[in-house]
Amino acid sequence: MLKTRWLTALTAAAALTALATPAQAADLRLSATSSLGLSCGIAGARVGLQEGRFGGFIEGAYCTSNVEGQSGKAAFGGGVTFDVFDAGLVSGYVLGGGGFQGSSSVLFAGVGARVGLDLVPVEGFIEAGYQRVSTPLVNVPGPRFALGVTYRVNVGDLSSMTGAATGGESSEGTGGQSGAPQVCNVTPEQDEAAVRSATVSAANEALSAAASSYSAGFSNFSYQVNVTGVSINGNTATASGTVTISLTNRSTGQRSTDTYPGTVRLVRSGCGWSATGYTRG
């Protein structure tokens, strides 16, 4: 029973998906935060949208007054981000913005880092920087620190949505065409190969991370990703196949092998592809 539950969890980890800042695919980011500065040390919430390296967010929280006998106040703000590097599991960005803490205005700037996996739609982030609260009497400068957990949801290609809303041409391929931008100059066969490669790459990253996380309970972990079919429809694609996982239970010494079928969903990212979802079975 323990083995079955663990394998199910491991497969789910390999199966879940999110975008890792693809060039033309937008992320909706829903975050639970805790911070010093704008959110005053109380848990808050943040909603953001990111396409490519650019992003924006709005956030709100309830601030404690930290003064005996005085109640707290609400804080609201917003900001923009720009990704400066992507090192696989970790990406770094700069940010800036402003808002209100009670009746006082706030300006802030800083740097941040996200940690997450291609196939897991949950990431953690940490931010540090400077803020200035402008009161009627004096400006109050100070450090700003924030950390949080984000759930990412793919909402598609914002540019293609805009084109559809304004009557622009559809970017989906027809008549057997791959649907890739003309500048990419790829054949349907090359496009299919790119889908397979993106699927295997995302699965490998998640499975490898899961194996590391569970190394205390299991050893000699091995896996094989097998893509059996690809379907491309313009700027979206699906890849079906199986994942075979073998491992040894450290407590019993028993080795087991199980195979799980599933389907990965992908969206076009420039001339390549990025995984955006998984369905088991």
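Q: Buried means under 20% relative accessible area. Given that cut-off, what makes Glu-127 count as buried in this predicted model?
A: Glu-127 has 3% relative accessibility. The limit is under 20%, so Glu-127 counts as buried.

Q: What makes the contact of Glu-127 with Arg-144 a salt bridge?
A: The two side chains meet at 3.6 Å, N to O. A salt bridge needs a side-chain nitrogen of Lys or Arg within 4 Å of a carboxyl oxygen of Asp or Glu, so this pair qualifies. Arg-144 is also buried, because its relative accessibility of 7% is under 20%.

Q: Which parts of the chain does the pair of Glu-127 and Arg-144 tie together?
A: Glu-127 lies in strand 7 and Arg-144 in strand 8, so the bridge ties together parts that are 17 residues apart in sequence.

Q: How do you know that Arg-114 and Glu-123 form a salt bridge?
A: Their side chains meet at 3.9 Å, N to O. That value is within the 4 Å limit, so the pair counts.

Q: Are Arg-114 and Glu-123 buried or exposed, and how do you know?
A: Arg-114 has a relative accessible area of 7%, and Glu-123 is at 7% relative accessibility. Buried means under 20%, so Arg-114 and Glu-123 are both buried.

Q: What makes Glu-123 and Arg-152 a salt bridge, and where in the chain are the two residues?
A: The closest N and O atoms of Glu-123 and Arg-152 are 2.4 Å apart. This is within 4 Å, so the pair is a salt bridge. The pair links distant parts of the chain: Glu-123 is in strand 7 (residues 122-134) and Arg-152 in strand 8 (residues 139-156), 29 residues apart. Both residues are buried.

Q: Which residues are linked in a network of salt bridges?
A: Arg-29, Asp-83, Arg-114, Glu-123 and Arg-152 form the network. The structure holds 10 salt bridges.

Q: What makes Arg-114 and Tyr-93 a case of a charge over a ring?
A: The charged end of Arg-114 sits over the ring of Tyr-93, 4.2 Å from its centre. Another case is Arg-46, whose charged end sits over the ring of Phe-57, 4.1 Å from its centre.

Q: Why is the aromatic pair of Phe-54 and Phe-82 called tilted?
A: The ring centres are 4.9 Å apart, and rings pair if their centres lie within 6.5 Å. The angle between the planes is 50°. Stacked planes are under 30 degrees apart and edge-to-face planes over 60, so 50° makes this pair tilted. The pair links distant parts of the chain, with Phe-54 in strand 3 (residues 54-63) and Phe-82 in strand 4, 28 residues apart.

Q: How do you know whether Phe-54 and Phe-82 are exposed or partly exposed?
A: Exposed means over 50% relative accessible area, so Phe-54, at 56%, is exposed. Phe-82 has 28%, which lies between the buried and exposed limits, so Phe-82 is partly exposed.

Q: What makes Phe-221 and Tyr-223 a tilted aromatic pair?
A: Their centres are 5.8 Å apart and their planes 55° apart. Phe-221 is partly exposed at 22%, and Tyr-223 is partly exposed at 28%. The structure holds two aromatic pairs.

Q: Which residues form the nonpolar patch on the surface, and which elements give two or more of them?
A: Val-84, Phe-85, Leu-89, Val-90, Val-94, Val-111 and Val-115 form the patch, with about 550 Å² of accessible area together. Strand 4 (73-86), strand 5 (90-101) and strand 6 (104-116) each give two or more residues.

Q: How do you know whether Trp-273 is buried or exposed?
A: Trp-273 has a relative accessible area of 9%, which is under 20%, so Trp-273 is buried. Trp-273 is found in strand 12 (residues 272-280). Beyond its neighbours within four places in sequence, its contacts include Asp-191, Ala-198, Ile-232 and Leu-266. Trp-273 and Ala-198 are 75 residues apart in sequence, yet 6.0 Å apart in space, C-alpha to C-alpha.

Methods. Residues are numbered from 1 along each chain as its sequence is written. This is a predicted model: local features need pLDDT of at least 70, side-chain atom pairs count only at pLDDT 80 or more; totals for chains, interfaces and linings use all residues. Side-chain values use heavy atoms; hydrogens and water are left out. Patches are made of residues with over 30% relative accessible area and no salt bridge: like charges are joined within 9 Å, nonpolar side chains (Val, Leu, Ile, Met, Phe, Trp, Tyr) within 5 Å. Accessible areas come from the Shrake-Rupley method with a 1.4 Å probe; for residues, only the protein chains shown count as cover. Helices (H or I, at least four residues) and strands (E, at least two) are DSSP runs, numbered from the N terminus. Rings of Phe, Tyr and Trp (its six-membered ring) pair if their centres lie within 6.5 Å; planes under 30 degrees apart count as stacked, over 60 as edge-to-face and the rest as tilted. Buried means under 20% relative accessible area, exposed over 50%, partly exposed in between (1.4 Å probe, protein chains only). A charge sits over a ring if NZ of Lys or CZ of Arg is within 6 Å of the ring centre and within 35 degrees of the ring normal. Contact means heavy atoms within 4.5 Å.
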